[in-house]
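Hello,

Here is the structure we spoke about. My notes on it follow below.

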Amino acid sequence: MAQPAVSAEIEALTQVLALVEAFKAFDSDNDGQITAAELGGILASLGYNASEQDVRAMMKQGDKNKDGLLSTEEFLELNTKDMELSGLAGSLKAAFDALDCDGDEVVTGEELFEVIDSQGLGLSLEVCQELIASMDSDGDGAVSCEDLGLIIRLIINAII
């Protein structure tokens with residue numbers, strides 16, 4: 001069972017999961033890419049009056065491969081570049097290990113709920129299942145270390 005000391009690791013994981021959820025909100029057509037129109041639309045819906053020029057500048061800043069789109073990796077890099085990331089990759093691995101209650105090297109929504117509930121963080125089982133589903137790249141209903149690989153690689157690259 002996870003100890004209360006994992007709360008910092010859970011908080012780091014929650015922040016990264018929130019970024020993944022934000023990406024999904026921007027990606028209105030669910031194609032795994034954010035267009036300038038999608039970015040402008042979500043900013044407008046959030047009450048930001050960003051000009052077309054502002055949106056283009058944001059896209060240019062994040063679009064590392066110059067394809068005119070923001071991938072998940074580019075979006076995460078854009079939104080974590082100003083964060084203090086020292087030790088975050090290790091924290092994510094520790095959080096994953098703490099969440100993997102049965103030691104099968106995958107984390108299910110139920111396992112996430114068990115740990116979150118033991119920390120008194122007040123998330124429902126349904127929310128925990130949705131968080132896991134948002135990271136579940138292969139559709140198996142669980143998140144493996146491999147599923148987290150993109151985020152961990154991004155964090156390691158940002159630290160180096």
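**Helix packing and aromatic pairs**

Helix α2 passes helix α3 in a right-handed crossing (the near helix is turned clockwise from the far one by less than a right angle). This is a predicted model, in which local features need pLDDT of at least 70 and side-chain atom pairs count only at pLDDT 80 or more, while totals for chains, interfaces and linings use all residues. Residues are numbered from 1 along each chain as its sequence is written, and side-chain values use heavy atoms, with hydrogens and water left out.

Helix α2 covers residues 36-45 and α3 residues 52-62; they pack at about 120°, with axes 10 Å apart. Helices here are DSSP runs (H or I, at least four residues), numbered from the N terminus. Axes are lines fitted to C-alpha atoms over the stretch in contact, and angles run from 0 to 180 degrees between N-to-C directions.

On the α2 side, Ala 36, Leu 39, Gly 40 and Leu 43 meet Val 55, Met 58 and Met 59 of α3 (contact means heavy atoms within 4.5 Å).

There are two aromatic pairs (ring centres within 6.5 Å; planes under 30 degrees apart are stacked, over 60 edge-to-face, the rest tilted). Phe 23 and Phe 75 are edge-to-face, at 5.5 Å centre to centre and 65° between the planes. Phe 23 is in helix α1 (residues 7-26) and Phe 75 in helix α4 (residues 72-80), 52 residues apart. Phe 26 and Phe 75 form a tilted pair, with 5.4 Å between centres and 55° between planes. Ring pairs link Phe 23, Phe 26 and Phe 75 into a cluster.

Regards

Methods
Helix = DSSP H or I, 4+ residues; strand = E, 2+ residues; numbered from the N terminus. Phe/Tyr/Trp six-rings, centres within 6.5 Å; stacked < 30°, edge-to-face > 60°.
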